[in-house]
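Please read the following account with the two chains open beside you. The text starts from a single residue and then widens to the chains, a helix pair and the contact between the chains.

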Amino acid sequence: MSDATHSAAFRSPTTEAPLARWIAIGVAVAGVSLLVFAPLAAVFAEALAKGWGAAVASLGNRDALSAIKLTLLIAAIAVPLNATFGIAAAWAITKFDFRGKAFLITLIDLPFSVSPVVAGLCIVLMFGTNSLLGGWLVAQGYPIVFALPGIALATMFVTFPFVARELIPVMIEQCRAEEEAALTLGASGWRVFRTVTLPNIRWALLYGVLLCNARAMGEFGAVAVVSGKIRGQTATMPITIEMMYNEYLSVAAFSLAAVLTLLALLTLLLKTGLELRHADQLSASHRH
Amino acid sequence: MHIEIDEIAKSFGATAALHPVSLSIPSGALVALLGPSGSGKTTLLRILGGLEFPTSGRVRFDGQDATGLSVQDRRAGFVFQSYALFRHMTVFENIAYGLRARPRASRPPQAEISRRVTKLLELIQLPEIGPRYPTQLSGGQRQRVALARALAIEPRMLLLDEPFGALDAKVRKELRQGLRDIHDETGLTTIFVTHDQDEAMELADKVVVMSMGRIEQVGRPQDIRTRPATPFVRDFISA
């Protein structure tokens, strides 16, 4: 007892009693296992319920392959575009003062608060065959809804905030001084952006891009509305998974779900790898 | 280079940071802009460097109007208050930045850049620190690197914003002499902003005392000490 009071007297003011520490760690571990790890493990278990052969064979299915291809293509379109828009928006918001700035920030956040289904419906209303614009586009041979452009638009709407949201706090925290220094040294605006601004925000940008990518590949609601769920044509991975599941093709559904999960894990792995590789620069830019 | 400030005023929205001020700085002078915070000294320095545009008035370099000259074309070596070194670049790359940023036609070849950076590192008496990152340097070393980076562009003038503000007293004294030496060696017109009267009096040939966006007095340090022109100057230097 006296030993315990002794050690308690010399505890650093920011650490907690061992009991509190273990409870906190326990709750966190239990939460992660129950809510994240167990369901993910279940997906893989279901996928492999009839062995590797069945799982791999179900992925060789024409619909599954087309879904994987479509999802990767959509991500390849939506992510770079949203990264560009996100950088532009964060730049405008943090470096300039202008009218309607608060409104712009609200607009950027809008996709977070609007249900994806509503977003999908908006696109159908704007570009559907019954609308003026949509009718004209279809007549020209460029359908938006129930086709690739619609899926890309819906995905971009839903994933728009990720990059901008990651960048804005980092860019606010950064003072203008480094950029001004580059200007006085004779650098053009573009050069300043490329050699000073971008390197300073690259980790936030990477993180934003990865989140954006994960969401772009996983988006269901908005895409479900605009895609028309045409098998082998407009059905992305999440849509195909749902259709297969509804048809009791559980091995096929869970195998595809496992692939989707692996894609997400791959992006996380990529991020960790990059962080390890550039650890010296990372610490150089964070330590003060 | 001779710098002439002619009736320069600057307001941010409704607040006037500078009332029309005029000042002539002869070529090769070492001038201190001295005043409390909010006196407009940093604004004036930033206008000279092209980082701020005056609301009215003209700036002339060697008799030529430079009011509208872009920050890049001014070739003003600017040392920022917290030095603003590029955190993600080595000291070498920091100093080479201005040379690499030149248009292709006037950009020196790699070997020449390397030679010049080495020479500048010797000038600031830190020949070994090229491969290090700014976070691995002490405050005094950072200040000297910032100075070397500003000198690398072969500037026409040297502008320093509170160059000793972030340093402890001992390093401060050393670096004062360092700046004096570099000024004498390069002969560059040098203007530095400070709120520390000892620093201004000890280092500058000419001190410009500022308050509330106005110039209170311009003179040699001993003249300002012995004959303060306004009650503000008397108060400020006796503090």
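Gly213(B) is buried, since 22 other C-beta atoms lie within 10 Å, where buried stands for 20 or more other C-beta atoms within 10 Å of a residue's own, exposed for 12 or fewer and partly exposed for what lies in between, with C-beta atoms placed from the backbone. The model is a predicted one, in which local features need pLDDT of at least 70 and side-chain atom pairs count only at pLDDT 80 or more, whereas totals for chains, interfaces and linings use all residues. Residues are numbered from 1 along each chain as its sequence is written, and chains are lettered from A and ligands numbered from 1 in the order in which they are written.

Gly213(B) sits in the loop that lies between strand S9 (206-211) and strand S10 (214-219) of chain B; helices (H or I, at least four residues) and strands (E, at least two) are DSSP runs numbered from the N terminus. Leaving aside residues up to four places away in sequence, Gly213(B) touches Ala16(B), Ala17(B), Leu18(B), His19(B), Ser39(B) and Gly40(B), a contact being two residues whose C-beta atoms, placed from the backbone, lie within 7 Å. From C-alpha to C-alpha, Gly213(B) is 15 Å from Asp6(B), although 207 residues separate the two in sequence.

Chain B as a whole has nine helices and ten strands. Its radius of gyration is 18 Å, close to the 18 Å that the globule rule gives for 239 residues, so chain B is as compact as a globular protein of that length; the radius is taken over C-alpha atoms, and the rule is 2.2 Å times the number of residues to the power 0.38. Of the 239 residues in chain B, 44% are buried, and the C-alpha trace spans about 55 × 40 × 30 Å along its principal axes.

Chain A, by contrast, has 15 helices and zero strands. A compact globule of 288 residues would have a radius of gyration near 19 Å, but chain A has 24 Å, and its C-alpha atoms fill a box of roughly 75 × 60 × 35 Å along the principal axes. Buried residues make up 33% of the 288 residues in chain A, and among the contacts in chain A with a separation of 6 or more, 73% join residues 24 or more positions apart.

Within chain A, the axes of helix H4 (residues 62-95) and helix H9 (residues 161-173) come within 8 Å and cross at roughly 35 degrees, the axes being lines fitted to C-alpha atoms, for helices over the stretch in contact, with angles from 0 to 180 degrees between N-to-C directions. The residues that make this contact include Gly86(A) and Ala90(A) of H4(A) and Ala164(A) and Leu167(A) of H9(A). Ala164(A) and Leu167(A) are also among the buried residues of H9(A), and what covers those buried residues includes H4, helix H5 (101-113), helix H8 (148-159) and helix H11 (189-218) of chain A.

Where the two chains meet, the contact takes 20 residues from chain A and 19 residues from chain B. On the side of chain A that touches chain B, two or more residues each come from helix H10 (177-184), H11 and helix H15 (279-286) of chain A, and H10(A) gives the largest share, seven residues.
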